[in-house]
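Please look over the sequence and the structure shown here before reading on. The report that follows takes up a few parts one after another and then turns to the whole.

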Amino acid sequence: MSSSPFLRHISNLSPVTALAFQTVQDIPDSVPELKLLVGEGPFIKILDIAAPESILLKRRVFSRERIHGITLSSSSRQQNVLFWGGRSVCITRATFLPREECVFEEIRVPDWIFYAMFIPSTSTTPVSDEEVVVITAHNVLLKYDSTSASWYELASGERCMLYSAHLLYLPADTLNSQDRILVAAGTVFGEILLWSVAIISSSSSSSSSIHGLKNPNTHYRLLGHEGSIFDVNISPKYYGDKCYLASCSDDRTIRIWDISQFDSSFPVSSDTEIKKTGFGHELAQGGKCISIGWGHGARIWGVQFLPVIKESLVELLSISEDLTSRFWTFHPGQKNTKNVELKNIATYQLHSGKHIWSYALDFERGLLATGGADGKIGLVHYRDDQESQEEVWGMDSILTQIGVFPDEPAEPNRKDKKTHDTFKEYAALDNDCFAATTTQGRVLTYTLSQKRWDLLGQWTGLKGWSILACWEDSGLIALGDHNGQIGVLDTVSKQAWWWQSMASENGKVAGVFLGRAVTGDEQKYYILTTVLSPTIFSLHSFKMDHSKSPSALIDRETLLLRSPVQAGEAKFLVTSLAINQKTNQLFLGSRAGGLGIYDLSSTIRPLWALSHTLVHPTDAVTAILLLESGILTTSRNGEYSYLSISLSPDICLTKTHASKPSLVIEGARQQDNLTLWGFRGKNFTIINQTSQHEVHSVECGGAHRAWTHRLNRYFVWTKAGKAHLARTYPHRKLLQSGLHGREIKSIASHGDLIATGAEDTLLRLSTLSPSSGQLCPGAVVGTHTTGIHALQFTPNGEYLFSAGGAGELFAWRVRSANEIVLEGTCEGWSDLRIEGFDVLPIEREGADVGSGVLLAIGYSDSTIRLYHFSPSTGTFRLEMKGTYSRIREQKTCCILHVKFLPNNCGILVAGTDGYLSIYPLSKTFSPVSLAHPLPLPPKSVEKRVHQSSIKALTVAACANGVFIYTGGDDCAFGITHIDTKNSVAESWIVPRAHASAVTAVLCVGVRVLTAGVDQKVKLWEVSEGEKGITVEMREQRESAVADISAAEVVGGGKVVIVGVGVDVWEASDGP
């Protein structure tokens, strides 16, 4: 093996399995800085909370184990950091962490660790004032002796298999003369054991600081959960010496147990008759369950009590497989202690896929950090968020505040029933004020900072019907009434200007849509009005003269527009508007998903639409945003699209990107990131689509109600006849972007552009950062309904094909890492999977080169199909079909790989039977005018290479045929030479090349790289001589990626390995 490395690890993105806040004060009396320690696989990273995506340090702590926990000591001498995970721990000084020369010494433990902590040393001559104890999977308490560098068993509870544990150090007090360790142990079989041991001090300077422990006492055996115990947490002592234990389980519940009397409880016998599995038993020996919390939609992985803030309130946190972190509270002083309500007070979702694996709390600052399987790290200012109280008003209280008393009808001749006022419409004026109309024709404003309602006026035309909109930050609102009039109201001076929206129409104003054009210090305001049966729209424009006091509305004009609806189509009901003052174009979106474009400089009257395009076929266009390169449209069907616009010779819209997050989209804003808002179930939700996380969510009852929204400020809505206001300050953000939330199954690349597909059904585009080697996330699409198992770019990178379960095969047009559009869908079968396929550009007669793509596809039922994809029509046409079977035995298998051989001499097929097969293609074969589909030709080569499935395969051309490098389920690495001219195959096998299945094989320069489920990456030298093939392993390294599924060479010399996470390596030819 070479002394200089061929493989250099560059970066990785793995599930975040451990988090801890660290307060750093480098200079005395300076302001402390908050850092976040991140355990990501075997690596530790330090992030700066003040600068997201800023990695201060990244180092490998363990050779193989994942970091499952990080504990910081509270030593008065020096702060130490304890990393633990699997069967390894590492202890280092906190001040050493940021230094490159910091050495991480991995200490092996005899058993799997479930919790580790520092406790004060009890030695009279201590080497250190802190020592490390751990609780293991067999309920054994171990202590590390740094002098002898070995572990000692201090005590053990009942010998059983644990799934979780928590330790609490209890210093000596008036009731107990010795320090103790309290152990909560959650078992695989649903039991919770609470036991403790007293520490016996050592007086000898040569012996261990903790010399021994008294016999352990089992205080409680708690039963009730109907699944394995995934986490337990012992609370600090609250008021009245109350102490609780929280547990969570596979049964999706959180249980709170009162363990306040554990000191005075009788020891529990280990051979009691009630000792069974905990599943379904409500009987407990000591202690009692006082509350059960439901709310999580999947397994709950963690719980933790928070320090008490209010005397009568206990708060705790939970994290779950369902991607949510939830805060809960209960009042321990309730009289009926058997049914204490555990209330979910806040829920946060910042991750995608499945699983939140880790969390950290900073109680002083009110911060929560969460780490997920998707590699994201989310940060929530939970205290600020939860202290933002919702405001609610009834109409009667508002009328009283503005001086109108509800019991005195404004019109005495009307019945009281008809004089009752209710909320009608809302509009957000600025960060501190919104407007509202009522059914009695009142126009109100509310100022948030002053908590004051004001009456702007009351109009008869607005009674029973009103349309309200505003130009943000202008102080102006637009109104439409039931008499066909449009009004502009200055909320500062309370002046109003009214005019008829259409000269020939006196019916209700059905819609009011606003625009604005800014030229220097001058602003021109636009109002588009529609009626209930629109064939003509009215576009009103005006300016405001602020040189006068009060301000005056001037230069009012009206332009008529003919509806862009075409013959035989439904009505064009306007739902959105945008004006491009650079091109003088007006864009209108419709309820049916259409987009109309007008040229406002045209002299034709009424104005006709230049084009009408259906951009969102199934629902309304809710927003149109003007961008430098085109426009962005959103729809209530949950889709948003980027469209480029070409003006010559005719207006043409081209969709460059489209995606459909799980949201009924009502609006969007594009700045550095794309922010979307709308409704998801009963919640109004704001999401950062670029980083794929939830910014805010408010439970309001759903979309069918009056509402308005000011981004990052507030959300107002009507519920049960009352007006509600919730603050939507951005208390949530991402400190680190992630990738997939489940196992990545496939990867493809073109240049530096990377496509990945995973079991989370998402297709993601990324690029590699030239400086850090980190993956930079791009576009995300979620069209697949099952996991994506195969991806392939065309050689020119213009098209990407993706395939997976349910026989799904999609064609995508790709322009960049942020632009991908679905171009075609191939026929599929719900009971089949596509595990492998290949693409080949072809030339048709009378067409340009590359006008089509031939796809060879292998299915799980042994079927092989060849399709032709036409980019011009977006259709797939079946050209050839056949069934794979072995020549003599006529046995079939699931096909895992299909490759076009060089020079178009055939199709290479490999599957679960371990055979390589070649189906020759005629040199004259071209899908032009042949009868379709053709039958699959007979095999020309069949060669068994592996004992079972061929999990990985790559092809390299040589002078007299091809070399095929394979990795098998039999742990072997295979090299097969096939003379394609003479149909002769010869194989060489490296048995036990890996300790488990070989799932990735790549040609990297002159060498071959393999990777397997054993998380090993190996580089092989394969040479051909007179005696055949010789294979030598040149290097092997540990990968941080579990369940490796594929690998790809990206950007010339970098190797990207995927599975549960992503590893990036740089390969060199070496000496």
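## The annotated repeats

The span of residues 781-822 has its end C-alpha atoms 9 Å apart, and the span is 60% strand and 0% helix. This and everything below is read from a predicted model. In residues 222-260 the end C-alpha atoms lie 14 Å apart, with 46% of the span in strand and 0% in helix.

## A sheet of four strands

Four strands form an open sheet in the order β59-β60-β61-β62, and their pairing is antiparallel. At the edges stand β59, which covers residues 744-750, and β62, which covers residues 775-781, each of them pairing on one side only. On average, neighbouring strands of this sheet are turned by 25° against each other when direction is ignored.

Within the sheet, strand β60 (residues 753-758) and strand β61 (residues 763-768) run antiparallel and are joined by five bridges. Ala-755 has Leu-765 in β61 standing opposite.

Strand β77, made up of residues 961-968, contains Gly-968. This residue counts as buried because its relative accessibility is 0%, and buried means under 20%.

Leaving aside residues up to four places away in sequence, Gly-968 touches His-946, Ser-949, Ile-950, Lys-951, Ala-997 and Val-998. Between Gly-968 and Ala-952 the distance is 6.8 Å in space, C-alpha to C-alpha, although the two are 16 residues apart in sequence.

## The protein as a whole

The secondary structure of the protein amounts to 85 strands and three helices. Its radius of gyration is 34 Å, which is close to the 31 Å given by the globule rule for 1071 residues, so the protein is as compact as a globular protein of that length. Taken along the principal axes, the box filled by the C-alpha atoms is roughly 95 × 95 × 60 Å.

Of the 1071 residues, 57% count as buried, while the accessible surface of the protein comes to about 45,000 Å², with 48% of it belonging to carbon and sulfur atoms. Among the contacts with a separation of 6 or more, 50% are between residues 24 or more positions apart.

Technical notes:
Residues are numbered from 1 along each chain as its sequence is written. This is a predicted model: local features need pLDDT of at least 70, side-chain atom pairs count only at pLDDT 80 or more; totals for chains, interfaces and linings use all residues. Side-chain values use heavy atoms; hydrogens and water are left out. Helices (H or I, at least four residues) and strands (E, at least two) are DSSP runs, numbered from the N terminus. Two strands pair if DSSP finds at least two bridges between them. Axes are lines fitted to C-alpha atoms, for helices over the stretch in contact, and angles run from 0 to 180 degrees between N-to-C directions. Buried means under 20% relative accessible area, exposed over 50%, partly exposed in between (1.4 Å probe, protein chains only). Contact means heavy atoms within 4.5 Å. The radius of gyration is taken over C-alpha atoms; the globule rule is 2.2 Å times the number of residues to the power 0.38. Accessible areas come from the Shrake-Rupley method with a 1.4 Å probe; for residues, only the protein chains shown count as cover.
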